[in-house]
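Please look at the sequence and the structure below before reading on. The report that comes after them is meant to be read with both in view.

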Amino acid sequence: MAKSEDCIHILQGLLVFGNVVIGMCGIALTAECIYFVSDPHGLYPLLEATENDGIYAAAWIGIFVGFALFALSILGIIGIIKSDRTLLLVYIILMLITFAFEMASCITAATHRDFLTPNLFLKQMLERYQKAEPANNNDKWMTEGVTKTWDKLMLQNHCCGVLGPSDWQEYTSAFRSTHNDADFPWPRKCCAMDAQGLPVNLDGCKLGVPGYYNSNGCYDAISGPVNTHAWGVAWFGFAILCWTFCVLLGTMFYWSGIEY
Amino acid sequence: MLPLLPLLPLLLLLLPAAHGAVERVGYTPSLTKSPVLEGLTTGSTFVLDQPRCVFDKYSNADIWLVVALESTAANFSNSVAPGTAESAFQNFPDSVPAYMTLNATLANYPCPKPAGDITVLRVGSETSCSGDAARPTCNGPLPGPGPYLVKFLALEGSEPVAETGWSQPIMLRTAKSSNSISTTDGGHSAGMIALTTILSILFAILLAGLVAMFVFWGRRAKGSITFTPSPGHSALTGCPCPAWEGC
């Protein structure tokens, strides 16, 4: 009897420890997802305009799942210590629902990250940057978002276009239809700027003299934060789910052994 | 009459010298090679090296740039005067084979070129006069992708005195439509497939476990064996021996 009681206590201890970890991870997931939803890099307008903002939906789900995991872990700890079948049954079922939601969040984040290729941003930039006549209010909103975001990106990261200034030469664009090629081979924001926000040397910028224009593409500046966001949600969620899986199996085993 | 005859051959010799002795200097205009310029050719402009140390003998001449299409260059005659309708930018390429622009003198092209200076000519940079017929020497944006040939022509007064050879054909950039960009060729990364697969398997196992729980619950409800829990301990019995097997 002593041995089986020790065994019971060990299993209880393990499950309580497992639930404590789940609770802490839930809080961490909530915090991480709030950070991503707050969009510190200001890239949300680009994703909204491509209608591919799934990684933000995944982060929103992550916020609520994190809270749920925390609350349920407390429920689980109480249920294990009291060995209450009802509480543990409620815990298991609610945890399964939370598991399903978190699974959806991880898969959404991972799948939508794969959609965010350079070509997607290139096409959107060409079609929306400084588009002159938006079709409706929604279009106008998206166009303004895209234009402001690109201007900020190009200024702060000293870059031009998605792959380089040649993007503006190789493809037709909304920008090209309102700005002639001779005066604006690429937007003014691609020029090296002085402290007042004016090009250092406009002719040098138009010619493309090294040092007077931004020769790098902005894709790295976009994909870095987006990757961090997507992988942070997807893989941290995956890790939490693997741990939760083990704890849930243990809890199911424990539950089925409780005398009632 | 007789004394005039020897003069006639001399006059005949002089006439070609007065009208056609255009020196061909050994320089070919070319696109700028150094420094490497991003905007070397765009949709409507291109960048040439300045003809430094080429027309040194002609300090009084006006040096003009002649721009023609590869197909019309042969129709250009050096006797066309700049600033007229026959060499107007606005009439190119519809009614004239070439236009003349970027007027300069030797003072604009000092020799030798100071090291470190960028000495280029941007053909097509003047957008304000491209439709203004009163400005026939406008350096306006080129009307099509080309291919273009250019040469420099030195005129003293209205007489051509020197020219360079025609350049190699210069093609400008043509822009593809942005609709041609394909955005659906991303495919799925290995990480995403692994994540989906593993999570699906885990969820399936959990659901199976839940079903097993209910099945055993039902079975135990039918033929349950009760155990008296020891006072002060929880009612959990059996580990590693499950309660329903009756240890």
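The sections below take up the basis of the model, the domains, the helix packing and some backbone details.

## Basis of the model

This is a predicted model, in which local features need pLDDT of at least 70 and side-chain atom pairs count only at pLDDT 80 or more, while totals for chains, interfaces and linings use all residues. Residues are numbered from 1 along each chain as its sequence is written, chains are lettered from A and ligands numbered from 1 in the order in which they are written, and side-chain values use heavy atoms, with hydrogens and water left out.

## Domains of the two chains

In chain A, the domain assignment gives domain 1 as 1–116 + 226–257 and domain 2 as 118–219; such bounds come from an automatic or database domain assignment. The centres of these two domains of chain A, taken over C-alpha atoms, are separated by 42 Å. Their contact (heavy atoms within 4.5 Å) takes 14 residues from domain 1 of chain A and 14 residues from domain 2 of chain A.

Chain B is likewise divided, into domain 1 (23–174) and domain 2 (187–217). Between the C-alpha centres of domain 1 of chain B and domain 2 of chain B the distance is 72 Å.

## Annotated transmembrane regions

An unreviewed UniProt entry carries the annotation "transmembrane region" for residues 12–37, 57–81, 88–110 and 233–255 of chain A; UniProt positions are given in the numbering used here, feature names are shortened, and annotations may be inferred rather than shown by experiment. In the model, residues 57–81 of chain A are 100% helix and 0% strand, with end C-alpha atoms 36 Å apart, and residues 233–255 of chain A are also 100% helix and 0% strand, with end C-alpha atoms 31 Å apart. Helices (H or I, at least four residues) and strands (E, at least two) are DSSP runs, numbered from the N terminus.

For chain B, UniProt lists residues 192–217 as "transmembrane region", again in an unreviewed entry. This span of chain B is 100% helix and 0% strand in the model, and its end C-alpha atoms lie 37 Å apart.

Helix α3 (residues 54–82) and helix α10 (residues 219–257) of chain A have axes that come within 11 Å and cross at roughly 25°; axes are lines fitted to C-alpha atoms, for helices over the stretch in contact, and angles run from 0 to 180 degrees between N-to-C directions. α3(A) and α10(A) are therefore roughly parallel to each other, where angles under 35 degrees count as roughly parallel, over 145 as roughly antiparallel, 65 to 115 as roughly perpendicular and the rest as oblique. On the α3(A) side A:I55, A:Y56, A:A58, A:A59, A:L69 and A:I80 meet A:V226, A:H229, A:A230, A:V233, A:I240 and A:Y254 of α10(A). The residues of this contact divide into eleven nonpolar, one polar and no charged, with Ala, Val, Leu, Ile, Met, Phe, Trp, Tyr, Cys and Pro counted as nonpolar, Asp, Glu, Lys and Arg as charged, and the others, Gly among them, as polar.

Helix α4 (residues 85–115) of chain A packs with α10(A) at an angle of about 155°, their axes being 9 Å apart, and α4(A) and α10(A) are therefore roughly antiparallel to each other. That contact of α4(A) with α10(A) comprises 25 nonpolar, six polar and three charged residues. Between α3(A) and α4(A) the angle is about 160° and the axes are 9 Å apart, so these two helices are roughly antiparallel to each other. By class, the contact of α3(A) with α4(A) has 18 nonpolar, nine polar and two charged residues.

## Backbone details

Most residues other than glycine have a negative phi, and most peptide bonds are trans. In chain B, the peptide bond from B:F92 to B:P93 is cis, with omega near -5°, and B:P93 is found in the loop between β3 (62–69) and β4 (98–105) of chain B. A cis peptide bond also joins B:G146 and B:P147, with omega about 0°; B:P147 lies in the loop between β5 (120–123) and β6 (148–156) of chain B.

In chain A, A:E51 has a phi near 55°, a positive value in a residue other than glycine. A:E51 is placed in the loop between α2 (44–49) and α3 of chain A.
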